Amino acid sequence: MKVVPVESAVGMVLCHDMTRIVPDEYKGPAFRKGHVVTESDIPALLRIGKEHIYVLDMPPGTIHEDEAAMRIAKAAAGPGLTLTPVCEGRVNMTAAPGLLDVNVEALYEINSIEEVVLATMHKGTAFTAPRDVAGTRVVPLIVDEARIERVEAICAANYPVIQVRPLQRKSVGIVTTGSEVLHGRIQDKFGPVLTKKFDLLGSNTMGQAFVGDDAKATRDAILQFVVDGADMVMVTGGMSVDPDDQTPAGIRATGADVVTYGSPTFPGAMFLLAYLGDVPILGLPGCVMYYRASIFDLVVPRLLAGERVTRSDIISMGHGGFCAGCDTCRYPLCSFGKHD
């Protein structure tokens, strides 16, 4: 840092904010810390009384924080992300609706480089509206360019470090078990909840079949939806261990490959996932109807993003699978389902 006449400061970096005051009209920053002085800035600096200023010289092999942040962001960001303009040395990455995917190992390697900062939201988080999901900057006003080149090399070898995978539009069949619903003793509320959830995720429900407690009827309804072109089938109700809860038996009777019956999540422990070929079949416990966030919200966005969810994926949900039951639910901006 040194003091120089403003006329000699072109190309140098301001070390502090500079305030412009217009009595009764304005008081605020005329130039921000980190600004690179240009020829056109000199008259404005003189007008605010700055004939000499504190600046940082830019030694060979160094770059300004703004350039460094933008280069890191461009290297790390993949599909589904747009970059904000640089603001006070920082660039954010804005996600389109979809499922956030982060290469955690590459992220760790990048942040191991001294003076480099790259932070993301948790991978696997689904968004139905655009929002900022990551940000980057360097710590000093100027940084060795070699460090940024190391970041760019890591990103090139692991591209994309950060991406948002779009949620595909799917056709979904709903099979509702329970004799109490079939015979009209109670009104079904599961179907409307699922329809609303899939609408928000950009998919459509193609119909709902009511089958009572008969495993064969459940099987036939699932298979009919598959024949009719369903991309996935939701089976609601009858997921407990009561003798007349035949939903798991009905799903197995289709010949589907059961990935798991049971999930280390609360809410959602009595969840079943199976595949009939490439068609996921989900047995949904009643909690999906009552809770804003449940096993449904952890699994379905991944299916819509094109993942084939495995038993290992479900097992790993035990870490982070306990919902805190907050008075005001803020999911997905919370710990539920964050298991890495």
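Visitor: Which residues have the most contacts inside the largest nonpolar core?

Guide: A nonpolar core is a set of buried Ala, Val, Leu, Ile, Met, Phe, Trp, Tyr and Cys residues joined through side-chain atoms within 4.5 Å; buried means under 20% relative accessible area, with a 1.4 Å probe and protein chains only. In this predicted model, local features need pLDDT of at least 70, side-chain atom pairs count only at pLDDT 80 or more, and totals for chains, interfaces and linings use all residues. Residues are numbered from 1 along each chain as its sequence is written, and side-chain values use heavy atoms, leaving out hydrogens and water. The largest core here has 33 residues, and those with the most contacts inside it are Met 234, Leu 282, Leu 284, Phe 296 and Val 299.

Visitor: Which element gives the most to this core?

Guide: Helices (H or I, at least four residues) and strands (E, at least two) are DSSP runs, numbered from the N terminus. The most comes from α10, with seven residues.

Visitor: What is Met 234 in contact with?

Guide: Contact means heavy atoms within 4.5 Å. Leaving aside neighbours within four places in sequence, the partners of Met 234 include Val 172, Leu 194, Phe 198 and Phe 296. Apart from this core lies another, of 32 residues, among them Ala 68 and Leu 100.

Visitor: Is His 64 buried or exposed?

Guide: His 64, found in strand β6 (residues 62-64), has a relative accessible area of 7% and is therefore buried.

Visitor: Where is His 339 found?

Guide: His 339 is in the segment after α11 (311-315).

Key: Buried < 20%, exposed > 50% of the residue type's maximum accessible area, 1.4 Å probe, protein only.
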